[in-house]
Amino acid sequence: MTEDVAVLGVGLHPWGKRGRSFVEYGAAAARAALADAELDWRDIRSIVGADTVRGGYPGYVAGATFAKALGWQGARVTSVYAACASGAQAIGAARAQILAGLAETVLVVGADAAPKGFFRPAGGDRPDDPDWLRFRVLGATNPTYFGLYARRRMALHGDTPEDFAQVKVKNSAMGALNPHARYRKRVTAQEVAASAVVADPLRLLDICATSDGGAALVLSSMEFARRHCVAEPVRIRAVSTVTPRYPNTVLDLPDIATDSAVAAEPAAEPFRASIATAAYEEAGIGPEDLSLAEVYDLSTALELQWYEDLGLCAEGEGAKLLREGATSPGGRIPVNASGGLASFGEAVPAQAIAQVCELTWQLRGFAGERQIADARVGVSANQGLFGHGSAVIAVR
Amino acid sequence: MSRTRTPVVAGWFIGDGDGFRLLGTRCSACASVFFPREDAHCRNPACPGGDLKEVPLSRRGRVWSYTDSRYRPPSPYVTDPELPWEPYTLIAVELAAEGLVVLGQAVPGVTVGDLAVGMEVEVVPGVLHEDAETVWTTWQWRPTRGR
């Protein structure tokens, strides 16, 4: 087992669509995290930025962009990109620097300013880019992949559109209590059913929006936290950022086809489950130890998939777990107490960091009306394009 | 003026009518199949790496899942913004012999109501879009209905 790192500070810029630069959102979140940690930016020895592909060059060098916005002060700088898992890889890079003794304190920042409508590939003719190809050849937007997964669950496990809608009902009720969420209105099953179909069987209110937002963490060594007089900080115990194993037999974004399973036996665990397993092994815990989970509900149906991939229930029993109320506040394992992507919309490089912010507030007992009673262990899980995914385990 | 028929991507499919096939590559060492074609190196990490030879994929497979696109996709998908949007269906098809799933558009007129997971479909030539000089061709999936 590796050592823990301490979460000294967390900060979010509220999610929304404001038409401002991602730099502004990230810097605001960073200042909030520094204030929460009671640390001066000039005392931070390293900054890790989670990149965005939407801000031009400044987005590709997010670490330096945020460092400049906060004021150059000579910190070690790192920028990482891993699609939707960028924020988690930024946390992973920061943690590695702390555990290697390269830096005692690290500021992690991710922010995005999302365009209206579907995400689209970068410009130009790029027939070697799978992300360009799926749009050029098939017009396959992200929601169409979510539709494929949802329909597959209906056929294999008997999930219904009504089950999917209940995920939105649950998450919107929590989002209504979260001052950082973009959507703060409770949604009924009837409203989901009345919204337009985007990618059959999924409707507009089954699919997460794209949002502006910014999130930041101040991480430190446990030794620094003690010297800083934080006796029992929330600690990060595992950061999993593993790749799939060949052959990957699930049609993942942005691919047009899966790997072939004729010559190699697929791993017993599919990709998403293997992300969680790596985190559990690193932390030395299992799903039975969890108090709460923050999962990547890009669609309502995908939240049910995560229940199974995190081992909260057996394969095919995600909808049953939801119907029993186990994943609602007060249930055995509340999921997306923050309101989830359903209430935030996705701000890509900020989202996995925001998940850890929520875990931290919950584990500190500072989550206000959203507080999960006696939260001691939390997991976040996420998946992105090009074989990326992450899971972070935080404890108190 | 006659327009040329050009595949939307070169080397991914070949032939006409019943002779139409998706083209992949197969590793001579481990027999893994790749679609879209992999021409540089076998991606099976347990394989020392053989020659990658072009191979036609099975014509028929079974529906792994399906969905549709009710809203106009963004560029580089080509549509005429002057015309009302016509949704189309997408089908992911499991090819048993190759052990992989391939996504494609359904032939025009096939809706999600016509499909079920496990149903047999076959690959057929189709037209993605046309402009003044070129008919851009692609592959499409069509239910066989026991044909």
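The questions below concern a predicted model.

Q: What share of the residues of chain B count as buried?
A: The C-alpha atoms of chain B fill a box of roughly 55 × 40 × 30 Å along the principal axes. Buried means under 20% relative accessible area. Of the 147 residues of chain B, the buried share is 48%.

Q: Is B:Glu94 buried, partly exposed or exposed?
A: B:Glu94 sits in strand S7 (residues 88–95) of chain B. Beyond four places away in sequence, it touches B:Gly61, B:Arg62, B:Trp64, B:Leu100 and B:Val101. The relative accessibility of B:Glu94 is 40%, so B:Glu94 counts as partly exposed.

Q: How far apart in space are B:Glu94 and B:Trp136?
A: In sequence, 42 residues separate B:Glu94 and B:Trp136. Taken C-alpha to C-alpha, their distance in space is 25 Å.

Q: What area is buried between chain A and chain B?
A: In contact here are 37 residues of chain A and 47 residues of chain B. A:Arg136, A:Leu138 and A:Tyr246 supply 19% of the area that chain A buries against chain B, more than any other three residues. Carbon and sulfur atoms give 64% of the total between the two chains, which is about 3500 Å².

Q: Which residues form the salt bridge between chain A and chain B?
A: The rule finds 17 residue pairs in polar contact across this interface. The salt bridge count is one. Its closest N and O atoms are 3.2 Å apart, and the partners are A:Asp259 and B:Arg43.

Q: Which element gives the most to the side of chain A that touches chain B?
A: Elements giving two or more residues to that side are helix H5 (130–138), helix H6 (142–157) and strand S5 (197–199) of chain A. The residues of this side divide into 25 nonpolar, six polar and six charged. With eight residues, the element that gives the most is H6(A).

Q: Which feature does UniProt place at residues 270–392 of chain A?
A: This span is 41% helix and 14% strand. Its end C-alpha atoms lie 18 Å apart. The unreviewed UniProt entry gives the feature as "domain: Thiolase C-terminal".

Terms used: Residues numbered from 1 in each chain as written. Chains lettered and ligands numbered in written order. Predicted model: local features only at pLDDT ≥ 70, side-chain atom pairs only at ≥ 80, totals over all residues. Heavy atoms only, no water. UniProt positions renumbered as here; feature names shortened; annotations may be inferred. Helix = DSSP H or I, 4+ residues; strand = E, 2+ residues; numbered from the N terminus. Buried < 20%, exposed > 50% of the residue type's maximum accessible area, 1.4 Å probe, protein only. Contact = heavy atoms within 4.5 Å. Buried area = accessible area lost by both parts, 1.4 Å probe. Salt bridge = Lys/Arg side-chain N within 4 Å of Asp/Glu carboxyl O. Polar contact = N/O pair within 3.5 Å; in protein donor to acceptor, adjacent residues only side chain to side chain. Nonpolar A, V, L, I, M, F, W, Y, C, P; charged D, E, K, R; others polar.
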